[in-house]
Amino acid sequence: MSVATLTPNRKRDVQVAEIGKDTLILRSRTWDRLKFEVEYSRQQGTTANSYLIQGDKKALIDPPGESFTEIYLEQLAQHLDFSTLDYIILGHVNPNRRATLKVLLSQATQVTLICSRPAANALKAAFPEWESRIQSVRSEDTLDLGRGHYLSFITVPTPRWADGLCTYDPTTKILYTDKFFGAHICEDILFDEDWKGLDAERRYYFDCLHAPQAKQVEVALEKFSVFGAKCYAPAHGPVVRYSLSRFTYDYRQWCQGQKAQELSVALLYASAYGNTATLANAIAQGLIENGVNVESINCELTDSTEITRIVEACDGFIIGSPTLGGHAPTQIQTALGIALSAAAKTKLAGVFGSYGWSGEAIDLIESKLKDANYRLGFETIRVRFSPTSEILQQCQQAGASFAQNLKKTKKLRTPRQVLTGNQVDRTEQAVGRIIGSLCVLTTRDEETHKGVLTSWVSQATFNPPGIMIAVAQEQNADSIRHLGDKFVLNILKEGRNVRRYFSPQSTLGDNPFANLSTQTALNGCLILNEALAYLECTVTNQLECGDSWLIYAVVDKGEVLENDGVTALEHRKSGSYY
């Protein structure tokens, strides 16, 4: 999805402010995209938030990654004598953060690193010389900094961040949430005063980072609930003060919504250097955007019993692996064996992975699944070294294709239901079997553009080429109810979830076009560049029928935007509602 950068063209900087007693935030800010991963594709910039608590002892929470190392340490030195720093608390550890730690620890040799046990193991493996300086903690462990700053720790492991650790300060009532309750957006505003305006960024961040691990997120929320937090201090985006209860509620609802999806995919992977995990995240996003529940499984951290349970319950499964020494990691070999024995042969499967010099692990998994007669939901993805933005887009599209293929498979295999008095009326069921092309009808009212999602469209005449559209009274389509009104009918492509921007349940704000790439048609209405095709039309007749208007329009101009695409269709179970 192409989205224009809305933030000003400014140099990277570090914003420093007081957010509580003895507590500073240091926000390393970039007004550009920063990275090419799917989670950053909104192109609103981001902040890497770090926090300094200066009690009798001093603790630094979550220094940023290496892209900010120099400017961050320069700014930190203006507020802290490095020789007086006692602790560095890590919400999680990754290679970028390790680069900053390496420089910081060379200047503050007395510091103790506080982290979870998995993070401690990773740090000791990467820097054996630090072993005596690393202290691992568990949930309910505490650290007294003096002046009332009696910190409590909460371990919050997830498939993506097995070493997750959050910290609570009862004096300021700040909960340092690391990857929870964040958003990739860069602004001068420190807190969430305009929290409603953040809805789209917050939801997108959740879908990219947390939707595939909704089960673990719910466990974390329960752990957070025992603390009387008045403020969330996340790793990215604004500090949450004004919408704390609403944001918590949203997280719970989003988790429930993800788990309630009709179809579920198990996404099993291991990642030696993070590349395979990045591919997995992009595939997961494509699945989620197409209404499929994803259970992300880091096979290095999940026991065989849990893998078996998830594989047996899912509708499809996808396996991703690096290649190490010409082989798949032992954990992936185990997961593959479980899938071959526990997953029905009717389940859809998929394969992806990254490698350095060869890709034997990917080929092995693919051949084993094909030999066992599993059908693959997308062409196997093989990536050498780190993925590019183009490759991640391909992965996202692969996830979307897998979702669509899964839905088709499910429909073919769903047994005919026996109707009862409590079920939908037979006539309504029969009418609901009429399907139509899924389209977005765009209109213009002076300088205001509007979009209506519809599937009640059909060709009505050959000469001149004309179409008929049924528009419900509540669809607010006054701009096409009069003779001479102009509109563009954007015919959507299967596998692209453009409809979410125009559905009644959309949380993406009053202007859905801000999230989409568009161009202006000759008649002044908007063309969606992600559409399969479009028609520029003029209304020549209309008739009020029942609860809808029937609109007849002549097609003035049309164009196919993608020759190889397939039209998206709307399938309904009943003719009594959309």
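Helices H1 and H2 cross in a right-handed way, a label used when the near helix is turned clockwise from the far one by less than a right angle. H1 covers residues 69-77 and H2 covers residues 95-107; their axes come within 10 Å and cross at roughly 35°. Those axes are lines fitted to C-alpha atoms over the stretch in contact, with angles running from 0 to 180 degrees between N-to-C directions. Who meets whom? From H1 come Thr69, Leu73 and Leu76, and from H2 come Thr100, Val103, Leu104 and Gln107, where contact means heavy atoms within 4.5 Å.

Before going on, a word on ground rules: this is a predicted model, where local features need pLDDT of at least 70, side-chain atom pairs count only at pLDDT 80 or more, and totals for chains, interfaces and linings use all residues. Residues are numbered from 1 along each chain as its sequence is written, and side-chain values use heavy atoms, leaving out hydrogens and water. Helices (H or I, at least four residues) and strands (E, at least two) are DSSP runs, numbered from the N terminus.

Now for the backbone. Aspartate 178 sits in strand E11 (residues 174-178), and its phi is positive, near 50°, though the residue isn't glycine. Aspartate 178 is buried at 6% relative accessibility (buried is under 20%, exposed over 50%, partly exposed in between, with a 1.4 Å probe and protein chains only). Glutamate 446 also has a positive phi, near 60°, but this residue is exposed at 68%.
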